[in-house]
Amino acid sequence: MMNKNCDNNRYNSLDDQSPNEEASEYENTAKISRKTPLKEIPIKHSAYFEIIGPVEKSVVELGEEEINIGRSSICEIQLPVENVSREHARVFFRNEEYHIEDMNSTNGIYVNGIKMVKCVLRNHDQIDIGGVKLFFNE
């Protein structure tokens, strides 16, 4: 059987506070306006290519800017291999996804063994560009 006095004594200390003491604890709390929308939360994208092939193994981080892949010195990812066109492919970020597109190259691009003109990249996709393997990781 419970003793009602014990239970009441537990909570008496809360009841003993005056309304002024209670209010002083929360004086600095700011009210949130339901009419003002919250600021957008920035989303950081983390994706990279692991490049393996006749060239030195390397890792290239991807951001939201477009990246060109090819033999040319103007490309962000340079693959100095004869089977790679000067401007072979481009990678771009749109609608929260990375895409790869062939730039009318001679030998094309292969994603997971299938020749593609343009496609969305998924985690662990394997891209073959002129015999150079690029592993996409997100």
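**Worked exercises: salt bridges and a buried Asn**

At 27% relative accessibility, Lys133 counts as partly exposed (buried is under 20% relative accessible area, exposed over 50%, partly exposed in between, with a 1.4 Å probe and protein chains only). The model is predicted, so local features need pLDDT of at least 70 and side-chain atom pairs pLDDT 80 or more, while totals for chains, interfaces and linings use all residues. Residues are numbered from 1 along each chain as its sequence is written, and side-chain values use heavy atoms, leaving out hydrogens and water.

**Exercise 1.** Find the salt-bridge partner of Lys133.

*Solution.* Start with the rule: a side-chain nitrogen of Lys or Arg has to sit within 4 Å of a carboxyl oxygen of Asp or Glu. Lys133 meets Asp128 that way, at 2.7 Å from N to O. Count up by this rule and you get five salt bridges.

**Exercise 2.** Is Asn137 buried or exposed, and which side chain does its own side chain touch in a polar contact?

*Solution.* Asn137 has 11% relative accessibility, so it counts as buried. Now look at His124: its side chain makes a polar contact with that of Asn137 at 3.4 Å (N or O atoms within 3.5 Å; within protein, one able to donate a hydrogen and the other to accept it, and sequence-adjacent residues count only if both atoms are side-chain atoms).
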